[in-house]
Amino acid sequence: MSGRQSKRVWRRYALLGLTSLLLAACSEQTLPLNSLDPKGPIAERIDGLFWPVFWIAVIVFFLVQGALLAAILIFRDRNVEGQKEPKQIHGNAVLEVVWTAIPTLILAGIAVPTISAVFDLADCPTGAFEVDIVGHQWWFEYSYPDYDITTANVLVIPTETEVCANMTSDDVLHNFWIPNLNGKRYLVPGSNTELRLNADEPGEYWGQCAEFCGLSHAKMRARVIALDQSDFDLWVEEQQEVPEPPAEGTPEWEGLQVFQQAGCTGCHVLAGVNEPSRQDVTVVAPNLTHFASRSVFAGATLPSGFDPTQEEREAALASWLADPPSIKPGSFMPDLGLTADQIDALIAYLESLE
Ligand code: CUA
């Protein structure tokens, strides 16, 4: 191959590499899942471990690759007439001790802060704010034992508060991951795990189930909303209210009729519509009591986009109600064969549940 040809081949490879990198970035929706942007003391502790280790690894990489490159260049076969074969060496005790000792020291140095952080972050401190998280295929259920609130898809927490999530799973292994607030932790069927969450500032923190849990694993997302204590108290008050039944004849009332007659109440609980409370029922679907107060639904995948309008939200809800499994493959919510009018009525009703 001539020099020009090989240059062309290399250019092609470089282009291919760049294109695949670009395409890899074009997923359906880019989620702001960034472990390197800590928004609270727990994530900061982890971040504080990551960077020193990263820079040590960078230095080691350049030292080792530099030495390798130097050896290749300095000792290469120069194809010179009469060049003698270099001296053959096997084993060098000093060198081997040194290159075993250096990594050992580096690893031991890294282990000290790592192990202490792992233990410090492992268990919830006493007196933490308690939340229960249950993983379901494919959505997260959140309940607040001290407040008798059960919700789904959106976990609301107070800021600057040590929150302790007691987690378990209703079916298979799931993994709760809010990268801005902490690392990942498993939700294990038949067992309990704890995850600490602590957000410095009010905001919306995105998350994702981080363990393959079946067909719609990728569509099992999470959203944490952190509120100032006063806003949080207000939220609690609103969530504890039982929604007023809509006035007869209104579109919301029509929607309630559909809700009760189309089979929704077989799986979903809605305070004031179908009691008893969740504790007595096997939970198979999100509690919808304050559905409209949540920014997302359908495993926190809808509405997509970062700042959806009310129209976009309703359009997403319409497509979800029309055929859930087409949006979340394997969804246990079936296509109920609702008519367009029934869907409109249901949307009017659900969107009134603030
Ligand atoms: Cu739940 Cu992946």
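**Cysteine burial**

Task: Decide whether Cys213 is buried or exposed.

Solution. Start with the cut-offs: buried is under 20% relative accessible area, exposed is over 50%, and partly exposed is in between (1.4 Å probe, protein chains only). Cys213 has a relative accessible area of 4%. Cys213 is therefore buried.

The model is predicted: local features need pLDDT of at least 70, side-chain atom pairs count only at pLDDT 80 or more, and totals for chains, interfaces and linings use all residues. Residues are numbered from 1 along each chain as its sequence is written, and side-chain values use heavy atoms, leaving out hydrogens and water.

**The disulfide**

Task: Find which cysteines are joined by a disulfide, and describe the link.

Solution. A disulfide is a covalent bond between the sulfur atoms of two cysteines. The test is a pair of cysteine sulfur atoms within 2.5 Å. The count is 1 disulfide. Its partners are Cys124 and Cys164, with S to S 2.1 Å.

Helices (H or I, at least four residues) and strands (E, at least two) are DSSP runs, numbered from the N terminus. Cys124 sits in the loop between helix H3 (93–122) and strand E1 (129–136), and Cys164 in strand E5 (residues 163–169), so the link ties together parts 40 residues apart in sequence.

Then check the handedness. The torsion about the S-S bond is about 85°, so the disulfide of Cys124 and Cys164 is right-handed.

Last, check burial. Cys124 is buried at 16%, and Cys164 is buried at 2%.

**Helix H5**

Task: Name the buried residues of helix H5 (residues 251–261) and an element that covers them.

Solution. The buried residues are Gly255, Leu256, Gln257, Val258 and Phe259. Their cover includes helix H8 (340–350); contact means heavy atoms within 4.5 Å. Look just past the end of H5: Gly263 takes a positive phi of about 110°.

**Aromatic pairs**

Task: How many aromatic pairs does the structure hold?

Solution. Rings of Phe, Tyr and Trp (its six-membered ring) pair if their centres lie within 6.5 Å; planes under 30 degrees apart count as stacked, over 60 as edge-to-face and the rest as tilted. The structure holds 17 aromatic pairs.

One of them is Phe129 with Phe232, at 5.4 Å centre to centre and 80° between the planes. That pair is edge-to-face. Phe129 lies in strand E1 and Phe232 in helix H4 (residues 229–240), so the pair ties together parts 103 residues apart in sequence. Phe129 is buried at 14%, and Phe232 is buried at 0%.

Another is Phe140 with Tyr142. This pair is stacked, at 6.5 Å centre to centre and 20° between the planes. Phe140 is buried at 0%, and Tyr142 is buried at 0%.

**An exposed ring**

Task: Is Phe75 exposed or buried?

Solution. Its relative accessible area is 68%, so Phe75 is exposed. Phe75 is found in the loop between helix H2 (41–74) and H3.
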